[in-house]
Amino acid sequence: MVCGSCRRLLSYPQGATRVKCACCKTVNAVLEAHQIGNVKCRNCKVLLMYPYGAPSVKCSCCHSVTGIGDHNRRPPLSIQVGPPPRSSDFVR
């Protein structure tokens, strides 16, 4: 993933929910596949990822802002992909 503050590429262990950037110390939330949408940048056409619910996304390459249209909104809950959480996934 890319740090939301300094734009450095971050690596993290599978299953992590937050990642702290070693460069700028920003804590970044890790989103799962069923929480992320994709859209192409309106300017440079690079594929962008955004959290569902965002009205727009800023390109990290050209800094252009691309609006999220109705065709890129979160799919209905009935067709979303992703297994429900298991009780063993919760921290006690």
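# Briefing on a predicted all-strand chain

Arg42 is exposed, and its relative accessible area is 56% (buried means under 20% relative accessible area, exposed over 50% and partly exposed in between, with a 1.4 Å probe and protein chains only). The model is a predicted one, in which local features need pLDDT of at least 70 and side-chain atom pairs count only at pLDDT 80 or more, while totals for chains, interfaces and linings use all residues. Residues are numbered from 1 along each chain as its sequence is written, and side-chain values use heavy atoms, with hydrogens and water left out.

**Chain as a whole**

- The protein chain has zero helices and six strands, and from the N terminus on its elements run β-β-β-β-β-β (DSSP runs numbered from the N terminus, with helices being H or I of at least four residues and strands E of at least two).
- Of the 92 residues in the protein chain, 21% are buried.
- About 7,100 Å² of accessible surface belongs to the protein chain, and carbon and sulfur atoms account for 55% of that surface (areas come from the Shrake-Rupley method with a 1.4 Å probe, and for residues only the protein chains shown count as cover).
- Among the contacts in the protein chain with a separation of 6 or more, 15% are between residues 24 or more positions apart (contact means heavy atoms within 4.5 Å).

**Largest pocket**

- The largest pocket holds about 650 Å³ of space (a pocket is an open set of points on a 1 Å grid over the protein atoms alone, where a 1.4 Å probe fits and protein lies on both sides within 12 Å along at least five of seven lines, and its lining residues have an atom within 4 Å of a point; points are joined across faces, edges and corners, and the volume is the space filled by probe spheres set on them).
- The lining of the largest pocket is made up of 19 residues, of which Met1, Val2, Met49, Tyr50 and Pro51 are the closest to the pocket centre.
- At least two lining residues come from each of strand S2 (27-29), strand S4 (47-51) and strand S5 (56-58), and S4 supplies the largest share, with five residues.
- Sorted by class, the lining has 14 nonpolar residues, three polar ones and two charged ones (Ala, Val, Leu, Ile, Met, Phe, Trp, Tyr, Cys and Pro count as nonpolar, Asp, Glu, Lys and Arg as charged, and the others, Gly among them, as polar).

**Aromatic pair**

- One aromatic pair is found in a search of the whole structure, and its partners are Tyr50 and Tyr52, which stand edge-to-face with 6.2 Å from centre to centre and 85 degrees between the planes (rings of Phe, Tyr and Trp, the last by its six-membered ring, pair if their centres lie within 6.5 Å; planes under 30 degrees apart count as stacked, over 60 as edge-to-face and the rest as tilted).
- Tyr50 counts as buried because its relative accessibility is 3%, whereas Tyr52, at 23%, is partly exposed.

**Loop between S3 and S4**

- Arg42 has its place in the loop between S3 and S4, and, apart from neighbours within four places in sequence, Arg42 is in contact with Ser64, Val65 and Thr66.
- From Arg42 to Cys59, which is 17 residues away in sequence, the C-alpha to C-alpha distance is 9.0 Å.
- Lys45 also lies between strand S3 (36-40) and S4, and Lys45 counts as exposed because its relative accessibility is 53%.

**Loop between S5 and S6**

- Ser64 is found in the loop between S5 and strand S6 (65-67), and Ser64 counts as buried at 10% relative accessibility.
- Beyond neighbours within four places in sequence, Ser64 contacts Cys41, Arg42, Asn43, Val57, Lys58 and Cys59.
- His63, in the loop between S5 and S6, has a positive phi near 65 degrees although it is a residue other than glycine, and His63 is partly exposed at 49%.

- Arg8 belongs to the segment before strand S1 (18-20) and is partly exposed, with a relative accessible area of 47%.
- Setting aside neighbours within four places in sequence, Arg8 is in contact with Met1, Val2, Cys3 and Cys23, while Cys21, 13 residues from Arg8 in sequence, is 8.0 Å away from C-alpha to C-alpha.
- Lys25, located in the loop between S1 and S2, has a positive phi of about 70 degrees without being a glycine, and Lys25 is exposed at 51% relative accessible area.
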